[in-house]
Amino acid sequence: MKEDLRVVKTRRNIKSEMMELLQKKPVEKITVTELASQAFINKGTFYHHYSDIYDLYHELVSDFIENTIGSLDYYEEFFTEPERFLQKFLCDFRVNDIKKTFPFYTEGTHSLFLPYYVTEVLLNRLMSVNYVENTIENRVKVQCCITAMTATKAHFDEAYNNIIVKVVSKMIRSTFE
């Protein structure tokens, strides 16, 4: 079923105005009243679509990550050629580049744990290639491998990518042999 065009336009307007506000101040300083005023909607309209400012903020970051990861075309390599997958992924998905491209990603009080969001989106994308059966056990295995990559990457700079690729690819291979 198609979504109502008015709903699509309203949500797009709310997101656009939120992004404008985020360029001026951190999410913690933005109020629903301020956003509603800037978007020319009433607060009830905002609450019809989002539970609070942080719900909207999380959706903006999730959308950004989904769009970024969604453009990748080598998911099957995770299972078949993990070294190549990891090298490409670490190159294509640099945290510092994300922070430059999505400058309103903050690490303040209500920041998003970026590796968590990347892991969630990547898990769903990897399972969608149907290389392994979509069972809870396989989802846990894939998530553990992804978490090893994203969490480790969050602690080490790019100089250590080769070590991360070596270790995590062995982990993937041993998990899915």
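V27 lies in the loop between helix α1 and helix α2 (32-39), where helices (H or I, at least four residues) and strands (E, at least two) are DSSP runs numbered from the N terminus. With a relative accessibility of 0%, V27 counts as buried; buried denotes under 20% relative accessible area, exposed over 50%, and partly exposed the range in between (1.4 Å probe, protein chains only).

The model is predicted: local features require pLDDT of at least 70 and side-chain atom pairs count only at pLDDT 80 or more, whereas totals for chains, interfaces and linings use all residues. Residues are numbered from 1 along each chain as its sequence is written, and side-chain values use heavy atoms, with hydrogens and water left out.

The protein chain contains 10 helices and zero strands. Of its 177 residues, 38% count as buried. Among contacts (heavy atoms within 4.5 Å) between residues at least 6 apart in sequence, 63% join residues at least 24 apart.

I53 belongs to the contact between α1 and α4. Helix α1 (residues 5-22) and helix α4 (residues 53-70) pack at an angle of about 95°, their axes being 11 Å apart. Axes are lines fitted to C-alpha atoms, for helices over the stretch in contact, and angles run from 0 to 180 degrees between N-to-C directions. Helix α1 is therefore roughly perpendicular to α4, a term for angles of 65 to 115 degrees, with those under 35 roughly parallel, those over 145 roughly antiparallel and the rest oblique. From α1, the contact is made by R11, I14, K15, M18, M19 and L22, and from α4 by I53, L56, Y57, E59, L60 and D63. These residues comprise eight nonpolar, no polar and four charged; Ala, Val, Leu, Ile, Met, Phe, Trp, Tyr, Cys and Pro count as nonpolar, Asp, Glu, Lys and Arg as charged, and the others, Gly among them, as polar.

Helix α10 (residues 161-175) has 15 residues and spans 21 Å from its first C-alpha to its last, close to the expected 21 Å at 1.5 Å a residue. Its buried residues are N161, I164, V165, V168, S169 and I172. Viewed down the axis of α10, they fall within an arc of 115° and so line one face of the helix. On the other side, N162, I163, K166, K170 and S174 are exposed. The cover over the buried residues of α10 includes α5 (77-80), α6 (82-92) and α9 (136-155).

Conventions: The expected span of a helix is 1.5 Å times one less than its number of residues. The arc is that of the directions from the helix axis to the C-beta atoms.
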